[in-house]
Amino acid sequence: RALISAAANRRLRVMFPLVTTVSEFDAARSLVDRELEWCRKNGRPPPSLVEVGVMVEAPALAFSIPDLKGRADFISIGTNDLMQYFFAADRGNARVSDRYDILSAPALRLLKRIRDDADAAGLQVSICGEAAGRPLEAMAFTALGFRRLSMPASGIGPVKRLILSMEVHAVERALSRLMSRNRPSIRDQLTEFAVAEGYAL
C-alpha cells in the first residue's frame, strides 16, 4: 500500500524475491491487485503504470518460466542465491567454494535456458548479483544474450569498458564451444580467450 501511494501518477515496478512456485507468485500478484483496488475505492491517485516481476533464485522457479507468461511482467535472475541452490553449496563456506563457479557449463546452460524461456514468454529479463559486476562473467552473460545487467556501482566502469572492447559474436562462438566440453569451470579458458582478443578484462 505504501509503495502504491508513493508512486501516485508515476510508474511502479514491484519485484517479489525468493518465489519457488508460480502459485506463490500468483498469490503475491493478487495482493498488489487488491491494494490497487483499495487505492481506487478510497479516491487515492494510483500509479500510472504497475509492473510486477519476480526474482528467479530457486531452481524450481527457474524451470517454470514458461508458466509465468501472462502473469509476470518481468523477471530478474538472482545469481547469488540461484547458484548456491543449484550447486547445493554454501557460497560463504570456503570448504566447498570450489564447487560454486557460475562459469561452468551446467550453470551457463541453466542461465541460457532461463533467458530463452523468458524470451519465448515475452518477459523482460535481467541478471543481477555480484557476478554481473565482474567483467569476465559479464562477458559471458552478454554472450548468452542478456542485455540488462544489474550490479554494484563499483562494477559499472569495468564492465562497461569490457563490453565496449569485445566483439559479441566472437564471444558467443567461443562460449558455445567451451560450454560443449562440460568442464567443472571454463573460467581459465574464457580468460585466455579474452586476453588473446585484447578485451579489457
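In this predicted model, the largest nonpolar core holds 61 residues, and L68, I75 and L111 touch the most other members. Beyond its neighbours within four places in sequence, L111 is in contact with I77, L82, M83, I102, I127, F141, L144 and F146.

Charged side chains were examined next. Side chains of opposite charge can pair when their charged atoms come close. The structure holds 13 salt bridges. One of them joins the side chains of E51 and R13, with an N to O distance of 3.3 Å. Because E51 belongs to strand 2 (residues 49-56) and R13 to strand 1 (residues 11-16), this pair ties together parts that are 38 residues apart in sequence. E51 has a relative accessibility of 15% and therefore counts as buried, the limit being under 20%. R13, with a relative accessible area of 35%, is partly exposed.

Another salt bridge is found within a single helix. K112 pairs with D116, and the closest N and O atoms are 2.8 Å apart. Both residues lie in helix 5 (residues 105-120), where a separation of four residues corresponds to about one turn of the helix. K112 counts as partly exposed at 35% relative accessibility, and D116 is also partly exposed, at 28%.

D116 takes part in a further salt bridge, in which its side chain meets that of R115 at 2.3 Å, N to O. R115 is buried, with a relative accessible area of 12%.

Salt bridges also form a network, which links D101, R134, E137 and R187.

Methods
Residues numbered from 1 in each chain as written. Predicted model: local features only at pLDDT ≥ 70, side-chain atom pairs only at ≥ 80, totals over all residues. Heavy atoms only, no water. Core = buried A, V, L, I, M, F, W, Y, C linked by side-chain atoms within 4.5 Å. Buried < 20%, exposed > 50% of the residue type's maximum accessible area, 1.4 Å probe, protein only. Contact = heavy atoms within 4.5 Å. Salt bridge = Lys/Arg side-chain N within 4 Å of Asp/Glu carboxyl O. Helix = DSSP H or I, 4+ residues; strand = E, 2+ residues; numbered from the N terminus.
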